[in-house]
Amino acid sequence: MNSKGLFLSGFLALAMATAPALATVKTIVLPPDGMYLKPSPLPGDAKAQGNCVACHSAEYMWYQPPTAPRAYWDAMVKRMKAVFKAPIDDADMPDIVDYLAKTYGSEQPK
Ligand code: HEC
C-alpha cells in the first residue's frame with residue numbers, strides 16, 4: 001500500500017468512527033429572537049423570566065422603546081400586577097425593573 005492509500009484508509013476509519021456520533025447530534029431550531037427575554041447576569045433576569053412571560057411572550061419587551069426610562073418600566077411592572085393581576089412579589093420588583101431598564105430601556109449599554 002502506498003502512503004496515499006494508508007492516509008485514505010486512516011481517514012475512512014476516522015470517518016466511520018465519528019459518523020455515529022455525528023448522527024446523534026440534534027438540530028434545535030429556536031423560534032425567532034424576541035420570543036425569549038434577553039439573557040443578562042443581573043438578578044432580575046431570572047425573576048423576569050419567572051414573572052413576565054407567563055401571559056405573553058417576551059416580544060412585548062422587545063417592542064418597547066429603547067429610550068424608555070426606568071420609571072416607565074417601574075410603571076409597567078406595577079401595571080402588570082395591578083391591572084392584569086400578575087402574581088409578582090413586591091420584593092422582586094426592584095430587580096425586575098433594574099433588569100428591564102438596563103436590558104430593554106434607556107440604561108442599556110451603548
Ligand atoms: C397575569 C398576566 C401577565 C403577566 C404575568 C405579565 N403581563 Fe405584561 N401584559 C399582560 C397583558 C394582558 C397585556 C396586554 C395589554 C394590552 O393589550 O393592552 C400585557 C402587556 C405588556 C406589555 C406591552 C405594553 C402594554 O402596555 O401593553 C409589556 C411591555 C408588558 N406586558 C410587560 C410585562 C412585564 C415586564 C411583566 C413582568 C413584570 C409582565 N408584563 C407580566 C399580562 C401580563
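What follows looks at an aspartate, the cysteines and the core.

This is a predicted model, so local features need pLDDT of at least 70 and side-chain atom pairs count only at pLDDT 80 or more, while totals for chains, interfaces and linings use all residues. Residues are numbered from 1 along each chain as its sequence is written, and side-chain values use heavy atoms, leaving out hydrogens and water.

Begin at Asp45, which sits in helix H2 (residues 44-51); helices here are DSSP runs of H or I with at least four residues, numbered from the N terminus. Asp45 is buried and has no salt bridge. Buried means under 20% relative accessible area with a 1.4 Å probe, protein chains only, against over 50% for exposed; a salt bridge needs a side-chain nitrogen of Lys or Arg within 4 Å of a carboxyl oxygen of Asp or Glu. The nearest side chain of opposite charge, Lys47, is 11 Å away. What does lie by the Asp45 side chain is the backbone nitrogen of Ser40, 2.7 Å from one of its polar atoms.

Now the cysteines. Cys52 counts as buried because its relative accessibility is 13%, whereas Cys55, at 71%, counts as exposed. The whole structure has zero disulfides, a disulfide being a pair of cysteine sulfur atoms within 2.5 Å.

Finally, the core. In the largest nonpolar core, which has 19 residues, Trp73 and Leu100 touch the most other members. Helix H4 (70-84) and helix H5 (93-103) are the elements that give two or more residues to this core, and H5 supplies the largest share, six residues. A nonpolar core is a set of buried Ala, Val, Leu, Ile, Met, Phe, Trp, Tyr and Cys residues joined through side-chain atoms within 4.5 Å.

Notes
Lys, Arg positive; Asp, Glu negative; His and termini not counted. Polar contact = N/O pair within 3.5 Å; in protein donor to acceptor, adjacent residues only side chain to side chain.
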